[in-house]
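This report describes one structural model, moving from a residue in its core to an annotated site and then to a pair of domains. Please keep the sequence and the structure in view while reading.

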Amino acid sequence: MSKILIRGAKVLGGEPQDVLIDGRTIAATARQGEIDWSGSGLSADGAEVVEADGKVLLPGLVDLHTHLREPGREDSETVLTGTRAAASGGYTAVFAMANTFPVADTAGVVEQVYRLGQQHGYCDVQPIGAVTVGLEGRKLAELGAMHESAAGVTVFSDDGKCVDDAVIMRRALEYVKAFGGVVAQHAQEPRLTEGAQMNEGVVSAELGLGGWPAVAEESIIARDVLLAEHVGSRVHICHLSTAGSVEIVRWAKSRGIDVTAEVTPHHLLLTDELVRTYNPVYKVNPPLRTERDVHALREALADGTIDIVATDHAPHPHEDKDCEWAAAAMGMVGLETALSVVQQTMVDTGLLDWAGVADRMSFKPAEIGRAAGHGRPVSAGEPANLMLVDTAYRGSVDPAGFASRSRNTPYEGRELPGRVTHTWLRGKATFVDGKLT
Amino acid sequence: MQRHLISAADLTRDDAIRILDTAEEMARVADRPIKKLPTLRGRTIVNLFFEDSTRTRISFEAAEKRLSADVINFSAKGSSVSKGESLKDTAQTLEAMGVDAVVIRHGASGAPYRLANSGWIDAAVVNAGDGTHQHPTQALLDAFTMRRRLVGRDTGLGQDLGGRHITIVGDILHSRVARSNVDLLHTLGAEVTLVAPPTLLPVGIESWPCEISYDLDATLPKSDAVMMLRVQSERMNAAFFPTEREYSRRYGLDGERMARMPEHAIVMHPGPMVRGMEITAEVADSGRCTAIEQVANGVSIRMAVLYLLLGGAVFESKNAPVTLQTRTEEK
Amino acid sequence: MDTQAPDPRPVLEGPDIARVLTRIAHEIVERAKGADDVVLLGIPTRGVFLAQRIAAKLGAITDRTIPVGSLDITMYRDDLRMQPPRALARTEIPGDGVDGRLVVLVDDVLFSGRTIRAALDALNDIGRPRAVQLAVLVDRGHRELPIRADYVGKNLPTSLRETVKVQLAEEDGRDTVLLGAKRTSPGAQQ
């Protein structure tokens with residue numbers, strides 16, 4: 001592997017530095033122009049030089065919540081197209097959700113997904129195992145076998161469905177303790193959300209769309225943090241979306257319960273007012289909430305109540321969105337716009353600095369998911385998983401340029417700040433000057 | 001500029017009064033030996049019904065035929081739609097046959113809005129009821145019925161319903177009729193009170209321009225019109241209320257309750273009525289119940305809407321001025 | 001509606017109008033041999049007022065009440081698709097109907113003839129008169145259909161660049177017929 005010298009990058013948003021990558025690792029970092037080449041036999045000879053020119057250098061982003069759709073729905077996304085989208089968005093590791101066809105509830109399926117990720121080489125793919133067989137909520141899947149497989153699964157989730165049976169949830173929380181696993185809960189009380197189409201509130205009342213009440217999320221979160229406390233396990237809450245959920249997680253953390261939580265970029269920016277267009281591009285689960293929720297989520301992400309940003313990247317083919325609202329699929333793609341949305345909602349608003357972004361989008365998600373080699377500091381000796389973002393850029397989102405196979409973005413035509421220009425996975429460039437390698 | 005009629009909330013007061021006044025003239029056609037006008041000769045209108053509703057479909061069909069339009073009835077049941085063809089494909093197929101307007105009834109809230117705003121088709125779209133969202137022609141025919149009965153057939157021309165108290169009783173949660181009526185009646189200056197058990201009122205209703213009450217008896221004496229909505233007994237199974245008996249005792253309209261209404265007040269029902277549930281036979285068959293009139297008025301209203309839409313009407317959006325031509329030889 | 005160029009010129013004033021309507025009433029009595037079965041139908045808006053005035057004069061002459069009504073032709077127009085939507089006016093047929101009677105259509109200005117064509121169609125849907133005649137206050141020429149008036153208040157040769165506007169006290173506060181110059185918008189020519 002060759003050497004790469006990144007010159008004048010604001011590491012984690014700080015003073016401009018030079019960063020030398022040698023092979024798969026970071027060889028040295030220093031203030032711009034001040035790498036001391038003399039001592040350790042280092043040299044920049046033959047290094048490819050990347051002029052960062054004031055761009056921000058962050059550790060490669062880690063997404064704890066991605067739907068890659070392979071196997072089963074390759075018409076919407078594959079491991080290849082999904083990891084290419086991830087590299088384009090600055091990600092070096094993604095956790096692939098289990099709701100594929102067949103469901104990732106056996107060692108065989110998770111190994112297949114893991115190997116596809118390795119083979120394509122754009123981004124590490126860490127499969128998430130299903131908690132229950134077929135996501136049916138009745139019988140525990142072989143969690144241990146998935147953990148011991150080549151994929152080394154540590155995160156388990158029935159995402160898309162809630163593990164609503166309290167006993168099954170309790171057992172799962174307890175069982176994964178044996179190997180340091182974590183259950184990521186999709187918090188949605190099923191009876192309270194039968195026929196649900198959007199957030200229940202003023203807008204749903206007017207539009208006549210079935211309501212998805214906040215309490216359906218909050219009641220499950222409340223139950224699960226108490227269960228986690230009772231059995232002494234850690235629990236992770238997927239795509240937290242309401243102000244009430246924030247309060248419950250805050251309370252649980254203050255009580256010492258080992259709970260972590262994620263928020264999606266779209267819940268940091270969009271509200272249910274958009275549903276008035278009846279455009280299913282805004283249909284997502286959990287649904288877009290209110291302005292008040294958006295502000296509570298931003299504050300919680302800033303103060304650490306919410307630990308991480310996860311995309312819930314959910315590709316769908318055009319025909320599943322080009323229809324009436326009720327018939328449309330739920331979900332939005334997000335890998336290629338996540339950092340821009342976080343910049344707009346958290347950095348440009350002064351709620352978070354770039355070091356905070358690195359924490360919420362790389363360090364913490366890697367830690368929660370135990371993704372070895374990811375979410376590490378930008379310093380000598382660490383794996384060279386890095387990305388550069390041009391934070392001064394302003395431009396409108398054009399889905400035609402997406403690497404993802406699907407185009408179901410809610411941001412089409414919307415002006416967003418920031419643009420990822422480079423991504424390196426263990427020293428290998430996967431995305432250079434806005435182009436995939 | 002609106003070429004479509006999707007929601008009663010899109011109508012300004014002037015739009016609404018224009019439709020009511022036009023319908024009043026249309027109603028006179030029904031009194032003539034030849035109940036037909038040549039106005040929409042050569043225009044094709046498709047009644048695209050994804051949901052069974054014989055009453056509404058027949059009413060639109062009568063209106064279309066009285067205006068001499070060519071009518072295509074398309075029922076989604078038994079068609080390729082039930083085999084998975086999408087709304088978009090169906091609409092585009094129909095438009096390829098040269099349809100000028102689509103009257104659509106759909107079980108999904110927002111389907112007519114999508115049809116009108118997604119660039120799928122160019123035809124005018126008339127919402128004939130979508131999910132639990134809107135049913136604007138029903139609200140218009142209800143307002144028409146109220147204006148005739150409470151203001152007067154001729155004296156009502158050009159008038160709104162300012163100051164009238166309208167009470168709507170029943171399953172508000174699942175009712176597109178209630179939503180449309182609240183919007184339109186508010187626009188026309190009426191004071192609306194919704195009466196229902198709390199389970200049948202949507203969360204978020206506090207933003208609606210109306211009063212809410214759980215007490216029918218307290219509301220009746222000040223009502224100029226009481227509209228009873230159909231309550232499906234299947235709702236019982238989802239625990240919206242305990243039994244039919246309890247529902248009709250608390251929220252049904254019987255002769256005794258009707259006697260507490262002011263003398264001039266009318267009883268309305270969009271049909272089909274469930275006698276013994278929300279309304280007793282005694283009330284339904286009384287002279288104060290306008291259910292049958294509403295059916296007749298429905299044809300006039302739909303004629304007016306189709307004439308104004310396909311005559312190239314510009315339904316004033318809330319802030320654009322509207323110009324309406326009156327006839328003289330010089331133009 | 002076209003805006004008039006400055007200073008339209010009156011060609012008939014109030015007393016003239018009263019006089020020609022009286023003459024038309026006498027002509028009707030004469031030609032209808034007593035006007036026993038005459039029904040007057042005015043075409044909204046101003047034709048209705050003219051019909052009412054003629055009916056009153058007929059009543060004075062014959063000492064009987066002459067049935068008078070209105071016939072809106074909006075829904076029968078042949079240019080519906082070319083114009084913004086029009087408000088409907090009232091059609092009011094006198095109680096005994098028109099079957100077997102002599103219907104005299106009354107309008108303010110006879111121009112292309114298309115309005116009268118529409119009126120004949122509208123009448124056809126209402127009943128079967130014994131005969132139909134036409135009375136107009138002004139005939140300004142430029143017919144586009146084979147239609148002529150039986151009773152004309154004033155023949156007024158005009159050019160297509162001119163406009164004729166009838167004002168009546170009931171609607172406009174005064175009686176007059178104005179001849180003016182058309183501004184532009186040839187497309188609006190009826």
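## Core, annotated site and domains

Not counting residues up to four places away in sequence, Val102(B) touches Val46(B), Leu48(B), Ala91(B), Leu94(B), Leu115(B), Ile121(B), Ala123(B) and Val125(B), where contact means C-beta atoms, placed from the backbone, within 7 Å. The model is predicted, so that local features need pLDDT of at least 70 and side-chain atom pairs count only at pLDDT 80 or more, whereas totals for chains, interfaces and linings use all residues. Residues are numbered from 1 along each chain as its sequence is written, and chains are lettered from A and ligands numbered from 1 in the order in which they are written.

Val102(B) is also among the residues that touch the most other members of the largest nonpolar core, which has 292 residues; such a core is a set of buried Ala, Val, Leu, Ile, Met, Phe, Trp, Tyr and Cys residues joined through C-beta atoms within 7 Å.

The UniProt annotation "binding site", from an unreviewed entry, covers residues including Gln138(B) and Pro272(B), and such annotations may be inferred rather than shown by experiment. A residue is buried if 20 or more other C-beta atoms lie within 10 Å of its own, exposed if 12 or fewer, and partly exposed in between.

| Residue | Other C-beta atoms within 10 Å | State |
|---|---|---|
| Gln138(B) | 25 within 10 Å | buried |
| Pro272(B) | 11 within 10 Å | exposed |

In chain A, the domain assignment, which is automatic or from a database, gives domain 1 (3–57 + 381–393 + 412–436) and domain 2 (60–369). Between them, 17 residues of domain 1 of chain A are in contact with 21 residues of domain 2 of chain A.

Notes: Contact = placed C-beta atoms within 7 Å.
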